[in-house]
Amino acid sequence: MTGSAWEVVIGLEIHAQLATRSKIFSGASTAYGAEPNTQACLVDLGYPGVLPVLNEEVVRMAAMFGLAVNAAVAPRSVFARKNYFYPDLPKGYQISQYELPIVEHGELYIEDADGNEKRIGITRAHLEEDAGKSIHEGLDKSSGIDLNRTGTPLLEIVSEPDMRSAKEAIAYMRKIHTIVRYLGISDGNMQEGSFRCDANVSVRPRGQEEFGTRAELKNLNSFRFIEKAINFEVERQIELIEEGREVVQETRLYDSDRDETRPMRSKEEANDYRYFPDPDLLPVEISAEYIESVRQQLPELPDAKKQRFVAEYGLRDEDAGILTASRAVADYFEDAAAATEAPAQLVANWIMGELSGALNREGLEIGDSKVSAAELAGMLSRIHDSTISGKIAKQVFEAIWGGEGTADAVIEAKGLKQITDSSAIEAVVDKVIAANPSQAADYRAGKDKLIGYFVGQVMKETRGQANPAQVNQILKDKLGN
Amino acid sequence: MSDNHQELHARSLTELAAGLDGGEFTSVELTQSLLERIARLDGQLNAFITVTADEALAAAERADEARAAGTGGVLNGLPIVHKDIFCTSGVKTTCGSRMLDNFVSPYDATVVEKLDAAGAIFLGKSNMDEFAMGSSNETSYFGPVNNPWNAECSPGGSSGGSAAAVAARLAPAATGTDTGGSIRQPAALTGTVGIKPTYGRVSRYGMIAFASSLDQAGVITRTAEDAARMLGVMAGFDARDSTSIDHPVPDYVAGLSKSVKGLRVGVVRQHFDEGLDEQCGVRVHEAIAVLESLGATTVEVDLPNLDLSVPTYYVVAPAECSSNLSRFDGVRFGHRAENAEDLMDLYCRSRGEGFGDEVKRRIMTGTYVLSAGYYDAYYLKAQQVRHLIADDFKKAFSDVDVIAGPTSPTPAFRLGDKIDDPITMYLNDIYTIGANLAGLPGMSVPCGFVDDLPVGLHLVAAHFDEETLLQCTHQYQQHTDWHLACPEAFK
């Protein structure tokens, strides 16, 4: 679409569930997946007479986020009530922040299609409570309500309409995803709904300053769906306009089965939420000292870490980006790199290659890896000191992964130690040349490519354990005559 | 039980405590005698929605055992009544509404918990205006309460049942709540003492919300000393209420004996403008004169924005109530309409059937003032005026220790007289609403009669200065006997 006459304008509202143990206004647990209605206390149920008490942890988490995106953390923010009736909203209002959010005027940088840095503004981030869930499936003509999620703390992060393609939207969202996980304020689990997103999408003729009419896309619960939903919506809007019709401002739901968006409710039926400050809660007042103490707790953030990985470890820019996309991966890398003399790039290659492949194969996170950073480092040291070749290492890695012990133990048990004794290699080379006289003659007659054949034969004879560089050299010497 | 025990009901809470301490009678005897009185006399009043006779007697037995073991709390074995707005676990809590006619709370309000822990015995739940919205107790789903002084008159509201029960000597003390005058006005109209503490002084946890920024729990008794005893137990910080304030609770009883000599009493010029019944005005002036005779000095003070307090209140309170009452939707608890066709039908009919007219009126008013396009003109403006009113009081308290005036513009009015005229009804609270808007403590004390109906003196003090209110009214009661007068039918 970028080449077309139309420019796409996207703003995102991301809901990140904060990783607190208890709810934002009650002591009930936030753990996911419990039996319906077993994790909702009287406050969550909106019983007559109960009152909300703010979980201080959410304030710290929101402040951390604000500082991480270079935003202003408000010295005074106010909880307001958003009033509407729905069965999964027990009080008949949601406690949120409206006029005075806790975080305002932030920013972050993504890479645009041309590889240039692009600033995306963050309008605000505010704290609010999640609603429960309505369950319609399998209940015949009635609906069920599960209030376990009620009162789960959310940070709603609202961007400026600064993104110009689905790709940029994804890059922005990934960046936010990385940041909240770095900060440890959200587990970012999209399957469980702890990181979800609504997208405001519009198109306008390239060069026009005024925004087109936007549609709000809901139910975007994976990076893939967001991209598909936005692209579908953009095409739909362009088609409408080109046919001389109008885009209607409305909320549309993305249906991933059909890969389409369709209207949810139109503006005409929109609720008047009658926001007003919640009289049950005092304004949240944050001192400069508090903000400073939160700043001290901030971990190194992804951008800074990436730059450091390039400078300190001499990694390729792209690799540093991949390794720092997750704090756990970055930590794994640093732990491994510190424990071996092997070059950092080799450590990086193994993490992005074999390790990542094994994790994907078994659907594991790096935290659950069956090869620890120390174990990987131990193996890489054996490559570095030529005890094993890179090829043999793959075998060793799988054995460690399979629980057969450390690299040294595996090498010892399986007799995988590399053969570097020149006389031993020479003996094998002699044997191979003697067994293949016609190939030797062809090589000597100029068929250089046959060297590969001979290397293969020698490696076969040595079960892959001969040092490949030595094999090469000795073969060349012996065949060269 | 000896013969003189029949007079137990005439004694104050403090006197009953002394009797229990002295072994003159047991808590079971005392509880039994008041329960008998309630059974015999409440038919004339309708002050109770629920009487918890069995629970009360069982609790009285435990209190007597505790006393014997020397472990009882400061109110051990003393019977009281809870306004039916406080959640009581295992006992129906209706809030005077059909909506909650079937509601049994699974937990105790903090106030209930504290009084329970102090050993108080609760005899039952008192009648009230529906969701505390009303000044006559006529909006109750359970019918109006009759004034013990004249059955054809209202006892005031919304804590009408509590006030009537105390005035009729069915209990020495009752809890109440006050959003715009709901403790003080019924106290004035029934010849009892009523105190609404500073906003944040007593926990609101478990007290069904009407207007959260104005609601405050308090107590109705016959003497200031009894009020001091009750408040000492009820007051204090509660981590479950974010608006409760962590401020030390003084020994209210110890402060009572202090003389009022040198106390500066502010008399509000606007309080005696038109609207006040002339004879009521005379009684209030006489009461102020008593304070002067005890050494207090009077200073005229100005509350220039006082006339804005009623309109301000009737924007703020309905706004908050429209949101607070949204939880009563027929889904989880309370009244649910039968055979609902769909969700909207369930909502509309459950609420339509469950709420009475006055509650609906306020929900609609509140919804209107918060809606898009009207918020600034009504809600926001009202909040600004609220600040002006609070500033007026603040200024006044730089010159005086306490502000004195009438509690209510007239003595008790006839049931049915005002119920169809909401504006006139709302004006009943003109002298009391200011204290709620400013979060100040206010208190009403009986100061005489007009046409055989009691009249109250209203006192307001600075934030957290309940001590001065209690001291001032106690000293006044040491030199007057209005509080000893008992309605003929309840002697």
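Colleagues, the model is a predicted one: local features need pLDDT of at least 70, side-chain atom pairs count only at pLDDT 80 or more, and totals for chains, interfaces and linings use all residues. Residues are numbered from 1 along each chain as its sequence is written, while chains are lettered from A and ligands numbered from 1 in the order in which they are written.

I begin with chain B. Its secondary structure comprises 15 helices and 11 strands; here helices (H or I, at least four residues) and strands (E, at least two) are DSSP runs, numbered from the N terminus. The C-alpha trace of chain B spans about 65 × 55 × 45 Å along its principal axes. Among the contacts in chain B with a separation of 6 or more, 76% join residues 24 or more positions apart. A contact requires the C-beta atoms of two residues, placed from the backbone, to lie within 7 Å.

An automatic or database assignment supplies the domain bounds: domain 1 (6-292), domain 2 (300-414) and domain 3 (422-480) of chain A. The centres of domain 1 and domain 2 of chain A, taken over C-alpha atoms, are 36 Å apart. Each of these two domains gives 5 residues to their contact. On the side of domain 1, helix α2 (residues 166-183) of chain A gives the most, with 4 residues.

What of the interior? The largest nonpolar core has 216 residues, and F65(A), A199(A) and V402(B) touch the most other members. Such a core is a set of buried Ala, Val, Leu, Ile, Met, Phe, Trp, Tyr and Cys residues joined through C-beta atoms within 7 Å. Its largest share, 10 residues, comes from α2(A). Not counting residues up to four places away in sequence, V402(B) touches several residues, including L263(B), V265(B), L459(B) and C472(B).

In helix α4 (residues 288-297) of chain A we find V294(A). V294(A) is buried because 20 other C-beta atoms lie within 10 Å. Its contacts, residues up to four places away in sequence aside, are R60(A), A63(A), M64(A) and L67(A).

Finally, the backbone. Most residues other than glycine have a negative phi, and most peptide bonds are trans. The bond from G157(B) to S158(B) is cis, with omega near 10°. S158(B) belongs to the loop between β3 (121-126) and α5 (160-167) of chain B.

D452(B) is exposed, with 11 other C-beta atoms within 10 Å. F464(B), also not a glycine, has a positive phi of about 65° and lies in the loop between β11 and α15 (466-478) of chain B. F464(B) is partly exposed, since it has 19 other C-beta atoms within 10 Å.

Terms used:
Buried ≥ 20, exposed ≤ 12 C-beta atoms within 10 Å, placed from the backbone.
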